[in-house]
Amino acid sequence: MPLDITTFTLVDKPTTLKENLAILERDEYRCQYCGLDGKASFENGLIMRTDFVVPRAKKGKKDPKNLVACCVPCNTIKGKKMYKSFNDAKEFVLARRMELRRAWEAKVQHPAANAAKA
Ligand SMILES: [Zn+2]
């Protein structure tokens, strides 16, 4: 196990391309958090990754049971936090996505209101 110099802990190795593809195939290229279909378009496919449910930084294992297909935005939102379970992580990610969506919609759909505030 290599040493993570940001936390000085021993962490599992990142997944290889072959391991990533096996997880993406198993999960049918669908983000296990938001449901984004990685096969629906080239752009969606480009942002598909493999997520360590228990992060490597928290000693999460490179085991298929700990790996899920995940889009980059969900992976970024989930971060390196520890969750009680996959469902807890999913609940957190989906709630945060909803907050971000509302903030984005408020900005994009009401640009005049935002310009007035500036
Ligand atoms: Zn997602």
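User: Where is Tyr29 found, and what makes its phi worth a remark?

Analyst: In this predicted model, Tyr29 sits in the loop between helix 1 and helix 2 (42–46). Its phi is positive, about 55 degrees, although Tyr29 is not a glycine.

User: Why is Tyr29 called partly exposed?

Analyst: Tyr29 has 18 C-beta neighbours inside 10 Å. Buried requires 20 or more and exposed requires 12 or fewer, so a count of 18 makes Tyr29 partly exposed.

User: Which other residue has a positive phi although it is not a glycine, and where does it lie?

Analyst: Lys59 has a positive phi of about 70 degrees. Lys59 is in the loop between strand 3 and strand 4. With 16 other C-beta atoms within 10 Å, Lys59 is partly exposed, because that count falls between the limits of 12 and 20.

User: Why does Met48 count as buried?

Analyst: Met48, which belongs to strand 3, has 22 C-beta neighbours inside 10 Å. The cut-off for buried is 20 or more, so Met48 counts as buried.

User: What is Met48 in contact with, leaving aside neighbours within four places in sequence?

Analyst: Its contacts are Leu24, Tyr29, Gly38, Ala69 and Cys71. Two of the names have come up elsewhere in the account of strand 4: Ala69 and Cys71 are buried on one side of that strand. As for Leu36, it is 12 residues from Met48 in sequence, and their C-alpha atoms are 8.9 Å apart.

User: What makes strand 3 largely enclosed?

Analyst: 4 of its 5 residues are buried, so strand 3 is largely enclosed by the rest of the structure.

User: How do you know that strand 3 and strand 4 pair, and which way do they run?

Analyst: Pairing needs at least two bridges, and 5 bridges join strand 3 (residues 48–52) to strand 4, so the two count as paired. They run antiparallel. Arg49 stands opposite Cys70, and Thr50 has Ala69 as its bridge partner.

User: Why is strand 4 described as largely enclosed?

Analyst: Strand 4 (residues 67–71) has 5 of its 5 residues buried, so the rest of the structure largely encloses it. Both faces are covered. Leu67, Ala69 and Cys71 are buried on one side, and Val68 and Cys70 on the other. In a regular strand the side chains alternate between the two faces of the sheet.

User: Which residues have the most contacts inside the largest nonpolar core, and what supplies it?

Analyst: The largest nonpolar core has 15 residues, and those with the most contacts inside it are Cys31, Ala69, Cys70 and Cys74. At least two residues each come from helix 1 (17–26), strand 3, strand 4, helix 3 (72–78) and helix 4 (86–109). Strand 4 gives the largest share, 5 residues. Not counting residues up to four places away in sequence, Cys74 touches Cys31, Tyr33, Cys34 and Val93.

User: How do you know that helix 4 is hardly covered, and how does its length compare with the expected span?

Analyst: Among the 24 residues of helix 4, the count of buried residues is 2, so helix 4 is hardly covered by the cut-off of 20 or more C-beta atoms within 10 Å. From its first C-alpha to its last, helix 4 reaches 33 Å, close to the 34 Å expected at 1.5 Å a residue.

User: Is Tyr83 buried, exposed or partly exposed, and why?

Analyst: Tyr83 has 17 C-beta neighbours inside 10 Å. Leaving aside neighbours within four places in sequence, Tyr83 is in contact with Asp88, Ala89 and Phe92. Val54 is 29 residues from Tyr83 along the chain, and their C-alpha atoms are separated by 7.6 Å.

User: What is the overall pattern of elements, and how many of each are there?

Analyst: The protein has 5 helices and 4 strands, in the order β-β-α-α-β-β-α-α-α along the sequence. Of its 118 residues, 19% count as buried. Among contacts with a separation of 6 or more, 51% link residues 24 or more positions apart.

User: Which element has the lowest mean pLDDT and which the highest?

Analyst: Helix 5 (residues 111–117) has the lowest, 64, and strand 4 the highest, 98. The protein averages 90, and 87% of the residues score at least 70.

Note on methods:
Residues are numbered from 1 along each chain as its sequence is written. This is a predicted model: local features need pLDDT of at least 70, side-chain atom pairs count only at pLDDT 80 or more; totals for chains, interfaces and linings use all residues. A nonpolar core is a set of buried Ala, Val, Leu, Ile, Met, Phe, Trp, Tyr and Cys residues joined through C-beta atoms within 7 Å. Two residues are in contact if their C-beta atoms, placed from the backbone, lie within 7 Å. pLDDT is the predictor's confidence in each residue, from 0 to 100. The expected span of a helix is 1.5 Å times one less than its number of residues.
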